[in-house]
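Subject: Structure handover

Hi,

Here is the structure for you to look through. Please open it beside this email and follow along.

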Amino acid sequence: MVEGPIAPERDADAGGSSVLQRRGRRLEYLTTAWNSLEAVVAVVTGLAAHSLALVAFGLDSCIEVFASLVVLWHLGGAPEAAEPLRARRALRLIAGAFGVLALYLGAQAVHALIARTQPESSPVGVGFMAATVVVMFVLARAKRRTGRALGNRPLVANGTMTFIDGCLAVGILVALGLQMTAGWWWTDPLAAGVVAIVAFNEAREGWQSAAAPPTPPAQSPGGG
């Protein structure tokens, strides 16, 4: 879920703000690097195994890379309180990207269910999904904490997306396991459909969040 307006916490005051901004950028660089690798591995293994779920996750990772680049662009500018339109533009760019992904994956999932596409096993894909679960949850927690401390809605929103990315990895890992062990072919397009639904919800909530006014920065005790 995309966060509503938030105010910076006390440790973002003065010099602490620049430290948090650097931390936020490092987290986004790490996320971008992992999601880039994630996209390549998921799409390649998904195409090789005819797994729509893996391809869907790879495409979702591409959107995550785009979202991280948008957040990095936003972190390089003025705080939201000084330049609210910049934050709204960032949130809408991310929401629009998720909307496009939702439409594409929804159509592909329906087509795969109708065509009864039979995916093959992908041990490499399963192993990488397991690693992704751990990495995404760790990055998500760090980004949300840093974003809240900065009062940076795009960073908090991106942290939420990273958490959802980890949840999707769990779901796809389960789907791939069921397909490999029980032969339930339909779990593959079903998992892709779940990704589409989550992406649509992120697009909707992101657009709504962009329309909400920012909360004025919180002042530390004794501040003017």
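Below is what was found in it, starting with the overall fold.

This is a predicted model, where local features need pLDDT of at least 70, side-chain atom pairs count only at pLDDT 80 or more, and totals for chains, interfaces and linings use all residues. Residues are numbered from 1 along each chain as its sequence is written, and side-chain values use heavy atoms, with hydrogens and water left out.

**Overall fold**

The protein has 6 helices and 0 strands. Helices (H or I, at least four residues) and strands (E, at least two) are DSSP runs, numbered from the N terminus. Along the sequence the pattern reads α-α-α-α-α-α. The protein has 224 residues, and 49% of them count as buried. Buried means under 20% relative accessible area, exposed means over 50%, and partly exposed lies in between (1.4 Å probe, protein chains only).

Now the contacts, meaning heavy atoms within 4.5 Å. Take those in the protein with a separation of 6 or more: 81% of them join residues 24 or more positions apart. The accessible surface is about 10,200 Å². Carbon and sulfur atoms hold 68% of that surface. These areas come from the Shrake-Rupley method with a 1.4 Å probe; for residues, only the protein chains shown count as cover.

**The core**

A nonpolar core is a set of buried Ala, Val, Leu, Ile, Met, Phe, Trp, Tyr and Cys residues joined through side-chain atoms within 4.5 Å. The largest one here has 41 residues. Which of them touch the most other members? They are F57, I94, F98, L105, M129 and I172. Two or more core residues come from each of α1, α2, α3, α4 (123–150), α5 (153–182) and α6. The biggest contribution is from α2, with 10 residues.

Setting aside neighbours within four places in sequence, L105 contacts A56, L59, A192, V195 and A196.

**Empty space**

Rolling a probe the size of a water molecule over the atoms shows where empty space is left. The search runs on a 1 Å grid over the protein atoms alone. A cavity is a set of points where a 1.4 Å probe fits but cannot get out. A pocket is an open set with protein on both sides within 12 Å along at least five of seven lines. Lining residues have an atom within 4 Å of a point. Grid points are joined across faces, edges and corners, and a volume is the space filled by probe spheres set on the points.

The structure holds 1 cavity of 30 Å³ or more. The largest cavity has a volume of about 50 Å³. Its lining is D60, E64, F98, M161, I164, D165, L168, V195, V198, A199 and E202. Two or more of these residues come from each of α2, α5 and α6. By type, the lining has 7 nonpolar, no polar and 4 charged residues. Here Ala, Val, Leu, Ile, Met, Phe, Trp, Tyr, Cys and Pro count as nonpolar, Asp, Glu, Lys and Arg as charged, and the others, Gly among them, as polar.

The second largest pocket has a volume of about 200 Å³. Its lining has 13 residues, with H50, S51, L52, A112 and T117 nearest the centre. At least two lining residues come from each of α1 (15–49), α2 (52–75), α3 (84–115) and α6 (187–211). The largest share is from α3, with 3 residues.

- H50 sits in the loop between α1 and α2. Its phi is near 55°, a positive value in a residue other than glycine. H50 counts as partly exposed because its relative accessibility is 45%.
- G46 is in helix α1. Is G46 buried or exposed? G46 is at 0% relative accessibility, so it counts as buried. Beyond four places in sequence, G46 touches V41, S51, L54 and V55. The C-alpha atoms of G46 and P119 are 8.7 Å apart, although 73 residues separate them along the chain.
- W184 lies in the loop between α5 and α6. Its relative accessibility is 39%, so W184 counts as partly exposed. Leaving aside neighbours within four places in sequence, W184 contacts L178 and Q179.
- G151 is in the loop between α4 and α5. At 11% relative accessibility, G151 counts as buried.

Best wishes
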